[in-house]
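Please look through the sequence and the model shown here before reading on. The paragraphs that follow go from the overall fold to a few individual residues.

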Amino acid sequence: MSDEKKPTVHLFTDGACSGNPGPGGWGLIMRHPATGKEAERSGAEKSTTNNRMELMAVIEGLKMLSKPSIVELYSDSQYVLKGLKEWIHSWKRRGWKTADKKPVKNVELWKQLDELANKHDLRTHWIRGHDGHPENERADQLAVQARESIV
C-alpha cells in the first residue's frame, strides 16, 4: 500500500515501574488526526522492568491497528527508540545477540515489536519525559494508574 493510501496515526507511549524490577504499568494514546478519534489503553504486570513496560506500550499500540499505517511514534524512551532505529538491525544479523555476544534482553518483546513494526511505516520521535508534553504526561498517568491498580 502506498503512503498516500495509508492512514496516519499518532501513538504516544510511556512505561512506569516501581522498583526495577517491580510492579509496572504501561500507557498509550492513539490519535487518528484525519478523523479526530482518540483511544487510550493501559496495562500492568506485577514483576517487570521499566524497559519492558516501555516496549509493551508500543507493542500494544501497534496491535490496535487493523491495517498498514503511517505511525508517528512519540516516546521518552531512548531504549525503545534507539532499539528500533539502530540496534535491532545488528541484533537480528547476530542472531539476537549484542555486540559482546550476550543475548538481547527482552528478546521476545523485541521480536514481537519488530514483527508489528514491519507492517507499518514507523516514524519515531523522542520527547523529553516529565517536561510538560501533554500526551506524554497523560501516557505516564495511565501507566502509573495501571501500575498502582495491581500493587
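Read along the sequence, the protein follows the pattern β-β-β-α-β-α-α-β-α, where helices (H or I, at least four residues) and strands (E, at least two) are DSSP runs numbered from the N terminus. In total there are four helices and five strands. The radius of gyration is 15 Å, close to the 15 Å that the globule rule gives for 151 residues, so the protein is as compact as a globular protein of that length; the radius is taken over C-alpha atoms, and the rule is 2.2 Å times the number of residues to the power 0.38. This is a predicted model, in which local features need pLDDT of at least 70 and side-chain atom pairs count only at pLDDT 80 or more, while totals for chains, interfaces and linings use all residues. Residues are numbered from 1 along each chain as its sequence is written, and side-chain values use heavy atoms, with hydrogens and water left out.

Along the principal axes, the C-alpha atoms fill a box of roughly 40 × 40 × 25 Å. Of the 151 residues, 46% are buried, a word that stands for under 20% relative accessible area, with exposed meaning over 50% and partly exposed in between (1.4 Å probe, protein chains only). Among the contacts with a separation of 6 or more, 67% are between residues 24 or more positions apart, contact meaning heavy atoms within 4.5 Å.

A pair of aromatic rings is described by the distance of the centres and the angle of the planes. Rings of Phe, Tyr and Trp (its six-membered ring) pair if their centres lie within 6.5 Å, and planes under 30 degrees apart count as stacked, over 60 as edge-to-face and the rest as tilted. By this rule the count comes to five aromatic pairs. One of them joins Y79 and W87, a tilted pair with 6.4 Å centre to centre and 55 degrees between the planes. Y79 is buried, with a relative accessible area of 17%, whereas W87 counts as partly exposed at 31% relative accessibility. Y79 also forms an edge-to-face pair with W110, at 5.4 Å centre to centre and 70 degrees between the planes. This pair links distant parts of the chain, since Y79 is in helix α2 (residues 78-93) and W110 in helix α3 (residues 107-117), 31 residues apart. Ring pairs link Y79, W87, W91 and W110 into a cluster.

Leaving aside neighbours within four places in sequence, T48 is in contact with C17, N20, P21, G22, P23, G24 and M53. P21 is found in the loop between β1 (8-17) and β2 (22-32).

Most residues other than glycine have a negative phi, and most peptide bonds are trans. In the loop between α2 and α3, K101 has a positive phi of about 65 degrees although it is not a glycine, and N106, found in the loop between α2 and α3, has a positive phi of about 60 degrees. K101 is exposed, with a relative accessible area of 67%, whereas N106 counts as buried at 14% relative accessibility.
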